[in-house]
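Reader: I am new to this structure. Could you walk me through how its side chains pack together?

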Amino acid sequence: MTDAPIRYRPDVEEVKPDEAETIAGLNQTFDVILERTAEDYGHAVRSVHAKAHALLEGEMTIDADLPPEVAQGLFATPGRHKLLMRISTNAGDILPDAISLPRGLAIKVFDVAGERLPGAEGETQDFVLNNGKVFQAKDAAAFLSNLKLLAKTTDRLEGTKTVLSTVLRGVHNALDAVGAQIPAVDTLGGAPNVDPLGETYFSVTPYRWGDYIAKFRIVPVAPALTALTGRIIDANGREDAIRSEVREEMARIDGEWEFQVQLCRDLDRQPVEDPTVEWQEEEAPFQRVATIRAAAQDSYSDAHVQQINEQSRFSIWTGLAAHQPLGNVNRARNATYRHSADFRARVNGCPYHEAMRAAE
């Protein structure tokens with residue numbers, strides 16, 4: 001029997017005295033990536049997750065009769081919400097797909113009523129996830145160190161990066177063979193070149209879940225998606241292999257995923273301030289709260305490139321106060337990701353905005 005879920009209270013967070021200094025360092029490092037890539041492409045791109053592989057429209061159906069502890073925030077009321085999805089990889093430059101990196105999934109849910117987070121305009125709720133179970137850095141200072149490594153490789157010898165990625169994938173496979181994982185290996189290009197449609201995506205950092213504290217994940221359940229889990233895409237000589245193959249797959253697949261929440265039940269074993277610690281399922285089980293569906297569609301249409309890739313901003317700080325991001329890393333992501341989006345909007349002369357509805 002699992003422990004009762006921990007109730008949220010403000011003192012579950014521990015604000016570090018040097019957070020403002022770290023955030024300033026993150027902004028400076030993001031600027032290195034942003035300026036270098038904007039000069040290369042003649043067009044500003046995201047400082048992280050620059051390359052999109054799929055841009056989708058879908059719908060979230062929130063389960064009825066949920067237990068009170070998970071019927072919180074957006075999920076307190078059963079019903080349906082239109083949404084947008086963006087699948088990407090995590091680098092700040094647009095690399096050939098032979099350089100394999102972790103996958104990211106960003107979701108924007110529409111028509112979400114309730115008290116908003118500070119500065120969160122509109123009526124949308126964003127969720128940003130990736131296909132690793134934990135964050136690669138223990139805190140924002142460590143995240144800054146990792147980001148500086150990525151900044152040093154931005155716009156530097158793509159052929160060398162391809163070779164490095166191949167080497168790091170070998171390291172990843174060797175670590176897997178002995179049951180070990182080092183997230184930095186994947187972050188720098190050692191991730192398996194998997195089909196993103198078959199992946200499970202994790203919040204990796206904790207969030208307020210109304211009266212409680214949680215992490216969450218999105219799990220593929222449609223048989224056509226689960227058949228792709230672990231499938232390796234051969235990207236040799238194909239710069240946009242992932243986008244091409246996903247586009248072909250989504251033209252015929254009706255995608256379905258479960259949105260599952262994992263409530264914190266022990267602050268020592270499921271810490272708020274250390275996102276490198278995995279919350280073990282046997283101690284903090286996942287529970288389904290909603291289903292996401294995306295019917296077969298063109299996953300890289302011109303309309304979606306404009307609406308989702310160019311005009312939209314995805315941020316963990318866009319949404320309800322009931323889903324407030326928690327912890328040092330999440331606090332740092334607030335100002336820095338907005339800084340990145342502001343740069344992109346300014347350079348491109350195309351202000352981002354919180355879309356009021358999915359494309360008609």
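**Rings, charges and the core**

Author: Happy to, and let us start with a charge: Arg243 has its charged end over the ring of Tyr300, with 4.1 Å to the ring centre. Please keep in mind that this is a predicted model.

Reader: Which residues touch the most other members of the largest nonpolar core?

Author: This core holds 59 residues. Its largest share, 6 residues, is supplied by strand 1 (residues 52-62). The residues that touch the most other members are Met60, Phe75, Trp209 and Phe259.

Reader: How are the rings of Phe75 and Trp209 arranged, and how many residues apart in sequence are the parts they tie together?

Author: The two rings lie 5.0 Å apart, centre to centre, with 15° between their planes. Planes under 30 degrees apart count as stacked, so this pair is stacked. Phe75 sits in the loop between strand 1 and strand 2 (79-89), while Trp209 belongs to strand 6 (residues 207-209), so the pair ties together parts whose separation in sequence is 134 residues.

Reader: Is Trp209 buried or exposed?

Author: Buried means under 20% relative accessible area. Trp209 has 0% relative accessibility, so Trp209 counts as buried.

Reader: Which residues do ring pairs link into a cluster?

Author: Trp209 also pairs with Phe216, in a tilted arrangement with 6.3 Å between centres and 45° between planes. Phe216 is buried too, at a relative accessible area of 2%. The cluster linked by ring pairs consists of Phe75, Phe127, Tyr207, Trp209, Phe216 and Phe259.

Conventions. Residues numbered from 1 in each chain as written. Predicted model: local features only at pLDDT ≥ 70, side-chain atom pairs only at ≥ 80, totals over all residues. Heavy atoms only, no water. Core = buried A, V, L, I, M, F, W, Y, C linked by side-chain atoms within 4.5 Å. Buried < 20%, exposed > 50% of the residue type's maximum accessible area, 1.4 Å probe, protein only. Helix = DSSP H or I, 4+ residues; strand = E, 2+ residues; numbered from the N terminus. Phe/Tyr/Trp six-rings, centres within 6.5 Å; stacked < 30°, edge-to-face > 60°. Lys NZ or Arg CZ within 6 Å of the ring centre and 35° of its normal.
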